[in-house]
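Visitor: Please show me the structure, and then let us go through it by question and answer.

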Amino acid sequence: MVDNNSSLRPSFSSLSTRYGFKWCPGCGNFGILNTLKFVLTDLKIPQHMVQIVSDIGQNGKLPMWLKVYGLHGLHGRALPLASGIKVANPRLTVLVDAGDGGAYAEGLGHFVAACRRNVNLTYLVHDNLTYGLTTGQASPTTVLGTRTQTTPEGKLVPAINPLRVALSSGATFVARVFTGEQAHFAEVLKKAIAHPGFALVDILQPCVIWNKQQTWQSWEKRVYQIESTGHDPSDVEAAHALAAKPWAPKIPIGVFYQNKQTPPFEEQVKKTVKLPLVDRNLSRANIEKHLRLLLGNVPRKRKTRNKS
Amino acid sequence: MILSKGRNKKVGEAGLGEGDQVNSYASYARDDYTWKMGGGAGTGIKNSALLLAGALNKGGYYVHANVEYPSRVRLGNNVLEVRMSTRPVRSLTSRVNLLAALDQTAVDMWIDEVVAGGVLVADLSGINLGRYQKRLKQKNIQVVDLPIDQILKKAEAPSIMRNTAVLGAIVGLICFDLDYLLTSLKEIFKSKGAAIVRGNVAVARAGYRYINKNYSHQFTCPPKATKKRRLLVEGSDAVILGALRAGLTSYSGYPMTPTSGLLRRGAALKDEQEVFVYQPEDEIAAAQFAIGAAHAGARSMTATSGGGFCLMSESLGLAAMTETPLVVVLGQRPGPSTGLPTRTGQGDLRFALHAGQDEPPRVVLAPGDPKEAFELTFHAFNIAEKYQLIVIILADKYLLESSWTHDQWPHRGLKIDRGKILTRAQAQKQKKYLRHKFTADGVSPRVLPGTPGLQNIWRTSSDEHTEAGFIEESIQNRNQMMAKRAQKVVSAYDGYLKKIGLIKVYGNPKARRAVVSFGSNKGVLLDALERLKKPSHKLIMIRCVKPFPVKEFMEAMRGVKNFGVVEGNQDGLLEGLIREKTGYVAEQHLRFVGGRPLKLGAVLNFLNSQSRKIVNLTKRRVFYGR
């Protein structure tokens, strides 16, 4: 008989599937996967209570290697999909994986909406400044002037600033990390998962095949942790200013902004509709009253039905 | 049948020239009375008129009501048409016995629909009938000058109650018992306080008395009905009630006519029924919310019209590939593109069948009236969960926003069936749970996220995947998975669909001629069938277009020598589907794309004709350079 409690205390091993890897050697995704496993182990969240929802791209395959409930969805559409899950069963810890393409191009509309809506999710954006799986096209975060497969003359459109978009959209947790700074990444990730609301974690990572400009070494040289500079994450204007700084010579990483006061969306929903929806006894629905209204006459009193 | 030649009249909103001017049935039977109330948008025409329609229903009449309104918020002309009889009526006729015109536009637009000997009610202090005098005289139309402002003044009522004065007048003109209207007014305005109730009652009485004092006994009234309890239901009510009865707990939708009414009702009922009703940022989010909720184990739904359905195409694929239940209500309206936003059509049949890359499997149901909408919406949730399929309910603006009378309602004895969801105890016994396990009927048992035990934890992907849900590209797995997903539709037919009646046949079962259709045409076709001089036709209504009920259709067609297909689209989509699936070629074709519901006269003409030409009701001469 299999032990049902086997999923209560996660370990690095229990969180690993045996599926063969499809990422390139040296891919930043390995670092993200490892850090996730460490964090989930440290946080002691029962494995079966974690749901990961992903976008399309190499980032989106992460559910294949993390042994939690997984749903690999559509390009740019992971956020509303994950939101539907969270509201239906808020007991689940919901993580969302996307790439810079899915998050900031295809799914930008959903991104802004999610920042405002504040459903308790953790949005892990694998930001390697390129479209990896489709072989190297420019992405929204690709730097102006970069030559790529779709921008042979150099990218004409300046990069989006996702942190500022998030802050302007009212996101209650905005952070940027670098996969190379694993301990820092883990700390930020823990805060993000614990955050009672929507948490953006923009994860700078290299793409060893397609991005020859922002390599591991180039990130490593330039990132600095803002925690050590005395940045106050409750100050949204300071967060904006920090996020607006150009990327030379230093790139700030850490928690730019956190606001724990705004209640998560599902808490608001709970005020009038009982959650989780998945616990509902479906046969209870009573439409007699409405049929009576349509009939226009008061019907005879009925015996109460057996509960099914 | 070619439309009659030499008609220079402007084809207006009335649908004149749409084949309805030929009197194929007895001219204006007394027991078939239509009154129409028209006025500017935002003046409460629809609600007022529906109030009276409801009162008529309570008084025992069969009532069929339709609202027509242009795509705007104020002014324009909204109109509610109410057909009443002591016998079943389920369609519209374009023959109006009483027109209550609340502004000049209403007169201009609808005056030509009033039959000879009919009545025009208007406040002539604000309306000019100058250029219609000749017409009114020729057709012997009685003009009732209703001085609404005077009536309001006498009753000391505010001008917002103008419509109520007109309702009272109409009650007088159709010789109906005023008490029914007063009871309705008291009910509706109860929440607004005693003063408002009193005011409305006084105004209604005043309008009624004015008629009795000045116009009594001058009109041929419809016959009295005997009081009988029946339901007057709008299609949208039926869909929401069906969904609630089925255990809906998550409804995400984006406003789009004609399904905004579903969202509005959902929002009004959500706290009482404890349903999460939400309007997200766009239709894609609405579909994704629904899929997410279903993935977690809730019963979910979304609704939209053609344009929103376009946006949901990719999401259909996600639902099908991950085998997540999904119910989508598609309320059709004319396109292409924005089209006629507030009108009706049936042009999305093929789209509903095929949307989504590589043909995601699905079931598509087509209710013919509100009762069927309730029933089929209920079944949709069972089918979606039991077979882990997409179920599309194909409706249209006419069905959703019109009111139909039903004698009974099938809300008892419906059983919720969730299919193979493993309980925690059952999941505990799993050695190694496979989300997409190959089974004989194609349906894999479900474990809901949050179920404990490492052996149960699963993932799935929009990519092709193995039974365990891991991404897999091999040929054998691919072939097996495609077969599995297709098998589920077959299993849905064998295990559920064939028991709910996919085709309904009406009329003379031995008839040599048949008329075939789907959706809201059911009403007008039934009405036409009852008014044929001989029982020459049977009516075959198709309630499920995917999987197409081939066996049932062949059986229905037994003995039929020729058949016609009636549908609200240009290219004969149903006709083509029938030919594709069964080999039957239709000899006659009635198609309408004008955006209005098919009227009784046009259908009777069609049934009585033997012509094999395509009757396209909006086919007119093509004007170049004008």
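Guide: Two strands count as paired if DSSP finds at least two bridges between them. Note also that this is a predicted model.

Visitor: In which sense do β12 and β19 of chain B pair?

Guide: Strand β12 of chain B covers residues 362-365. Two bridges join β12(B) to β19(B), and at least two are needed for a pair. Within this pairing, Leu365(B) stands opposite Cys544(B) of β19(B). The sense of the pairing is antiparallel.

Visitor: Which strands stand at the edges of the open sheet in chain B?

Guide: The sheet has seven strands with mixed pairing, in the order β9-β8-β10-β11-β13-β12-β19 (chain B). An edge strand here has a single partner, so one of its sides is left without a neighbour in the sheet. In chain B these are β9 (276-278) and β19 (544-546).

Visitor: What angle does the direction of helix α10 of chain B make with that of β10(B)?

Guide: Helix α9 (residues 260-273) of chain B packs on the sheet, and its direction makes about 140° with that of β9(B). Helix α10 (residues 283-296) of chain B also packs on the sheet, touching β8, β9, β10 and β11 of chain B. Its direction relative to that of β10(B) is about 165°.

Visitor: What share of the residues in chain A is buried?

Guide: Chain A contains 10 helices and eight strands, and its C-alpha atoms fill a box of roughly 80 × 50 × 40 Å along the principal axes. Buried is taken as under 20% relative accessible area. Of the 308 residues in chain A, the buried share is 58%.

How values were computed: Residues numbered from 1 in each chain as written. Chains lettered and ligands numbered in written order. Predicted model: local features only at pLDDT ≥ 70, side-chain atom pairs only at ≥ 80, totals over all residues. Heavy atoms only, no water. Helix = DSSP H or I, 4+ residues; strand = E, 2+ residues; numbered from the N terminus. Contact = heavy atoms within 4.5 Å. Axes fitted to C-alpha atoms, helices over the stretch in contact; angles between N-to-C directions. Buried < 20%, exposed > 50% of the residue type's maximum accessible area, 1.4 Å probe, protein only.
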